[in-house]
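Morning, everyone. Let me put the model up, and then we'll walk through it piece by piece.

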Amino acid sequence: MQTTGRSSEGQFVVAPAAVAIQDDLIGREDFDAIRALMHRIAGIKLSDSKRDLVSGRLRRRLGVLGLENFSQYRLLVDSPAGDDERLQMINALTTNLTSFFREAHHFVALAELLDRMLATAEQRRLRIWSAACSSGEEPYSIAMVVHGALQKAGAMKRGWDARILATDIDSNMVDLAAAGSYQAERADAIPPQFERLVRRRLDGLVEMKQALRDLIAFKRLNLQDKWPMQGRFDVIFCRNVVIYFDKPTQRQLFDRLADLLQPDGWLFIGHSESLLGVSDRFESQGRTIYRKIR
Ligand SMILES: C[S@@+](CC[C@H](N)C(=O)[O-])C[C@H]1O[C@@H](n2cnc3c(N)ncnc32)[C@H](O)[C@@H]1O
């Protein structure tokens, strides 16, 4: 589409053939509609301070779709024809910050927990869920600890069956996680004892080895939807995601997580998150580490 207007010198000019996006900042009504939708679908609350960020990220979507303004975009994502774009909107508006061995004390606690389990049970099924796995650094870090603990105890030969489920609402992140290769700088946080589980390529990428991939299943999953999992988990990592949810959404989520944990199951949450006033079904075991009690 071409648009015309007056230049500062008063001449008529023709805008480039590409669609000109009219406003930089999303209008109040459109912003309110988009954030209501994000809350309804994903549980994510977007405060007023996020208006700039939402404008920036959705402007790219407008460009891809050839739309002229945020009102057209809002009409699309609010309509039945907007199914695919609603997924793209969620991908665009999630915050995916993560790293290998983030909150390192969690991985020390996990290793100790696994050692205790391995010392007391001859044969066991071990299930761990990374419930907002982003680009995969969290589940691969878990897999390294699990692999190390099982190998040390000779548990693979003893028939231990360990599986990690890694899920995220953002399909782009799930694809990246499943691909399992990272820039070398990102992999610097991997402790030296796990170096044997990665392959450093000449092009600078660091690949997760098959032994780790074999332990993990990656899937797209919205924590607000019905969960397809049947069996219970021994450990759940649900870190740095409920900060984006309001309290009622958090309460409901932790209740569902407690239901899905084994009696005595363990829950790891993010550094700025807390269960205080949110759930009474867990007992603190140290900084941001909980055990299910009911
Ligand atoms: C900041 S990252 C945290 C990643 C990792 N757990 C960590 O602590 O490093 C938050 C992740 O939560 C995901 N997320 C947000 N809302 C979600 C929802 N309703 N269901 C599932 N994942 C969600 C985002 O896509 C994002 O990848």
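Sheet to begin with. Three strands form an open sheet in the order E5-E7-E6, paired antiparallel. Strands here are DSSP runs of at least two residues, helices H or I runs of at least four, numbered from the N terminus. Pairing takes at least two DSSP bridges between two strands. E5 (181–183) and E6 (198–200) are the edge strands with a single partner each, so one side of each has no neighbour in the sheet. Twist averages 25 degrees from one strand to the next. E6 and E7 (residues 205–208) share three antiparallel bridges. Arg200 has Val206 in E7 as its bridge partner.

A word on provenance. This is a predicted model: local features need pLDDT of at least 70, side-chain atom pairs pLDDT 80 or more, while totals for chains, interfaces and linings use all residues. Numbering runs from 1 along each chain as its sequence is written, and side-chain values use heavy atoms, without hydrogens or water.

Now the domains. The assignment, automatic or from a database, gives domain 1 (4–93) and domain 2 (105–292). Their C-alpha centres lie 35 Å apart. Nine residues from domain 1 and twelve residues from domain 2 make the contact, meaning heavy atoms within 4.5 Å. Together the two domains bury about 900 Å², 47% of it on carbon and sulfur atoms. Buried area is the accessible area (1.4 Å probe) lost when two parts are put together, summed over both. Which three residues supply 47% of the area that domain 1 buries against domain 2? Gly43, Lys45 and Asn91, more than any other three residues.

Conventions: Axes fitted to C-alpha atoms, helices over the stretch in contact; angles between N-to-C directions.
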